Amino acid sequence: MSEWAKKRFWKETTYEATDGGFKVLLDGRGLKTPAKAPLVVPTEAMAKAVVAEWDAQDEKIDPTSMPVTRSVNAAIDKVAVQHDEVADMLAEYGGSDLVCYRATTPEELIARQAAAWDPLLDWAAETFDARLKPVAGVMFAAQDADALSKLSEKTHNFDNFELAAFHDLVGISGSLIIGFAATCDLHPIETLWELSRIDEQWQEDQWGRDEDAAEEAEKKRQAFMHAYTFFKLSKD
């Protein structure tokens with residue numbers, strides 16, 4: 001975004017169909033990414049979202065007000081040129097997934113984790129034929145290789161735009177399974193966010209709310225919500 005013009009230089013923002021999707025136009029000229037690649041998105045819904053962000057800019061361009069555009073740039077300039085590497089990195093979360101690593105004490109936290117996360121593991125086993133097992137404590141325990149392979153294959157099957165969204169769904173939640181649950185609309189996205197924060201909520205219940213931690217958590221929540229929105233835009 002640092003290479004973009006800082007002041008608005010166009011009057012009209014539009015989009016049109018092109019090979020491979022839709023391109024966004026500023027006064028009839030195709031928009032490009034920071035790496036100078038043509039900005040072409042896969043769906044009309046995503047094109048409309050990018051147009052709305054650019055059209056809403058006043059005299060000065062504010063990159064922080066254009067989250068869809070930033071995600072599009074990431075999909076084109078970063079994910080597209082290293083798709084397999086990104087997919088491999090995300091698939092590795094399955095080997096140490098948040099929802100698999102459980103507390104050893106106290107009993108109430110153990111019960112909370114089980115109630116929140118066991119159904120997610122059951123769902124993944126039923127949906128993807130990939131059974132991951134819960135582990136007590138923080139010591140690494142290897143998961144079933146066949147299950148990890150199936151989850152990895154599904155991760156690699158995402159296109160560049162889907163994978164850009166999936167990257168944040170998994171990275172922010174710390175869970176490959178929660179990321180998949182979001183893409184499949186297993187629960188409302190707010191519910192999945194809360195399921196990713198069982199441990200943090202426990203700490204807050206015991207010791208009270210930390211304002212700095214709460215502020216950081218809200219930033220992550222918003223990013224998680226945006227990743228879900230971006231994934232949906234890539235499908236519509």
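Leaving aside residues up to four places away in sequence, Thr43 touches Phe22, Leu233, Ser234, Lys235 and Asp236, a touch or contact being heavy atoms within 4.5 Å. Thr43 sits in the loop between strand 4 (40–41) and helix 1 (44–55); helices (H or I, at least four residues) and strands (E, at least two) are DSSP runs, numbered from the N terminus. With a relative accessible area of 5%, Thr43 is buried (under 20%; exposed is over 50% and partly exposed in between, with a 1.4 Å probe and protein chains only).

All of this comes from a predicted model, in which local features need pLDDT of at least 70 and side-chain atom pairs count only at pLDDT 80 or more, while totals for chains, interfaces and linings use all residues. Residues are numbered from 1 along each chain as its sequence is written, and side-chain values use heavy atoms, with hydrogens and water left out.

Next comes the largest pocket, with a volume of about 480 Å³. Here a pocket is an open set of points on a 1 Å grid over the protein atoms alone, where a 1.4 Å probe fits, with protein on both sides within 12 Å along at least five of seven lines; lining residues have an atom within 4 Å of a point. Points are joined across faces, edges and corners, and the volume is the space filled by probe spheres set on them. Of the 20 lining residues, Arg70, Ser71, Ala74, Ala164 and Asp168 are the closest to the centre. By class, the lining has ten nonpolar, five polar and five charged residues (Ala, Val, Leu, Ile, Met, Phe, Trp, Tyr, Cys and Pro are nonpolar, Asp, Glu, Lys and Arg charged, the others, Gly among them, polar).

Leu120, Trp123, Ala124 and Phe128 in helix 4 meet Ile177, Ile178, Phe180 and Ala181 in helix 7, giving eight nonpolar residues and no polar or charged ones.
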